[in-house]
Amino acid sequence: MTRIVCAGHVNWDVTLQVDRLPEADGEARITGQRQAGGGSASNAAAVLAGLDVETTLIGSVGVDEHGHLVRREMDALGVETALVEVADTETTVKYLVVDRGGEVMVLGNEGANEHYSVDDVDVAAIRGADHLHLTNQRPATALELAETAVEADVSVSFDPGRRIADRAYDPVVELTDCLFVNDREADLVESEGLLDGVRTVVVKHGADGAEVREGATTVSHLGFPVEPVDTTGAGDAFAAGFLAAREDRTTAQALAVANACGALAARTLGARLYLSWDDVEAMLSVDQE
């Protein structure tokens, strides 16, 4: 069985669904709420585990109730945790306010999620894995993790998110086998010539699906029509779905699975998505109709 290590942000999320996003001095009515784990690395790990992938999560949390809840949730999902506990710093908590169209406003504290370094982590988990999936985190930490993987002949994927514009991720991208970006991020890294050495570039088009670029070949999928409830975590679910499927499916099939996972996340309140292959196959059947 494939083993994937996910490394990056580990949060606790408080999601409030509102009738509209208020303007300054405005007020909105709460129509739903949810609390669960969050953070790009743990979101991806949760989806991978649901798709029967052996998964290890690397990140950092505080020595507090939220950190305990994150560990308990990951344990229940079957994710092996290699979480660094940071004393005197609370677990990162994000407050997400979501309107009826799925648009999100995020408030958060700095918290513990970027406090770990490679020196704090047992890198044997990476050396013994089949794949390392990196998400947004300190560039120096991401680079050391990627270097550890490459030295052990472990493939690397990277989903840097919106921070790719203001963080020095260039050396990490150069070690990446598979890069996940949206349209804006793709334009940015392409203009800087960073895509030349990346074997697989997966570009997410939001509601319009996604495409995979491998050399001169491009494979596209238009996505699935869903009414978005909350787009938080949809990109993380997309990446996890692609990684889970690419080992034994074609690129086109893996892209369809990725879009199915992203669509399932978009119609779920909160960033945490609990699913199985049955859920994915049910969504994929829409393509057959």
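Student: Where is His133 found?

Tutor: This is a predicted model, so treat what follows as a reading of a prediction. His133 is found in strand E8, which spans residues 131-135.

Student: Is His133 buried or exposed?

Tutor: Look at the relative accessible area. For His133 the value is 1%, so this residue is buried.

Student: Which residues is His133 in contact with, leaving aside its neighbours within four places in sequence?

Tutor: Among them are Ile4, Val5, Cys6, Ala7 and Ala44. Ser157, Phe158, Asp159 and Phe180 are also on the list, as are Ala239 and Leu243.

Student: What joins the side chains of His133 and Ser157?

Tutor: A polar contact of 2.7 Å joins them. Now try a position elsewhere in the chain. Leu107 is 26 residues from His133 along the chain, and their C-alpha atoms are separated by 25 Å.

Student: Why does the pair of Phe158 and Tyr169 tie together parts of the sequence?

Tutor: Phe158 lies in strand E9, residues 155-159, while Tyr169 lies in the loop between E9 and helix H5, so the pair ties together parts that are eleven residues apart in sequence. Phe158 is buried, at 0% relative accessible area. Tyr169 is buried too, with a value of 0%.

Student: What about Phe180 and Phe242?

Tutor: They form an edge-to-face pair. Their centres are 5.9 Å apart, with 85° between the planes. This pair links distant parts of the chain, with Phe180 in strand E10 and Phe242 in helix H7, 62 residues apart. Phe180 is buried at 0%, and Phe242 counts as buried at 2%.

Student: Next, charges. How do I read a salt bridge?

Tutor: Side chains of opposite charge can pair when their charged atoms come close. The count here comes to ten salt bridges. Take Arg3 and Glu54: their closest N and O atoms are 3.1 Å apart. Arg3 lies in strand E1 and Glu54 in strand E4, so this pair ties together parts that are 51 residues apart in sequence. Glu54 is partly exposed, at 33% relative accessible area. Arg3, Glu54 and Glu80 are linked in a network of salt bridges.

Student: Which residue forms a salt bridge with Lys204?

Tutor: Asp159 does, with the closest N and O atoms 3.6 Å apart. Lys204 is in strand E11 and Asp159 in strand E9, 45 residues apart. Lys204 and Asp159 are both buried.

Student: And Asp13: which side chain of opposite charge is nearest?

Tutor: Lys94 is, at 6.5 Å. A salt bridge needs the nitrogen and oxygen within 4 Å. Asp13 is buried yet has no salt bridge. Asp13 is placed in strand E2, residues 11-18. Residues that Asp13 touches include Arg34, Gln35, Lys94, Leu96 and Ala271.

Student: What does Arg20 touch, not counting residues up to four places away in sequence?

Tutor: Arg20 touches Glu27, Ala28 and Asp99. A polar atom of the Arg20 side chain lies 2.7 Å from the backbone oxygen of Glu27. Arg20 sits in the loop between E2 and strand E3. At 41% relative accessible area, Arg20 is partly exposed.

Student: Last topic: how do I read a nonpolar core?

Tutor: In soluble globular proteins, nonpolar side chains tend to be buried together. The largest core here has 53 residues. Leu57 and Val280 have the most contacts inside it. Helix H8, residues 251-266, gives the most to this core, with ten residues.

Student: Which residues is Val280 in contact with, beyond its neighbours within four places in sequence?

Tutor: They are Leu51, Val257, Ala260, Cys261, Leu264 and Leu275. A second, separate core has 32 residues, including Tyr116, Ile126, Leu132 and Leu194.

How values were computed: Residues are numbered from 1 along each chain as its sequence is written. This is a predicted model: local features need pLDDT of at least 70, side-chain atom pairs count only at pLDDT 80 or more; totals for chains, interfaces and linings use all residues. Side-chain values use heavy atoms; hydrogens and water are left out. Helices (H or I, at least four residues) and strands (E, at least two) are DSSP runs, numbered from the N terminus. Buried means under 20% relative accessible area, exposed over 50%, partly exposed in between (1.4 Å probe, protein chains only). Rings of Phe, Tyr and Trp (its six-membered ring) pair if their centres lie within 6.5 Å; planes under 30 degrees apart count as stacked, over 60 as edge-to-face and the rest as tilted. Lys and Arg count as positive and Asp and Glu as negative; His and the chain ends are not counted. Contact means heavy atoms within 4.5 Å. A nonpolar core is a set of buried Ala, Val, Leu, Ile, Met, Phe, Trp, Tyr and Cys residues joined through side-chain atoms within 4.5 Å. A polar contact is a pair of N or O atoms within 3.5 Å; within protein, one must be able to donate a hydrogen and the other to accept it, and residues adjacent in sequence count only if both atoms are side-chain atoms.
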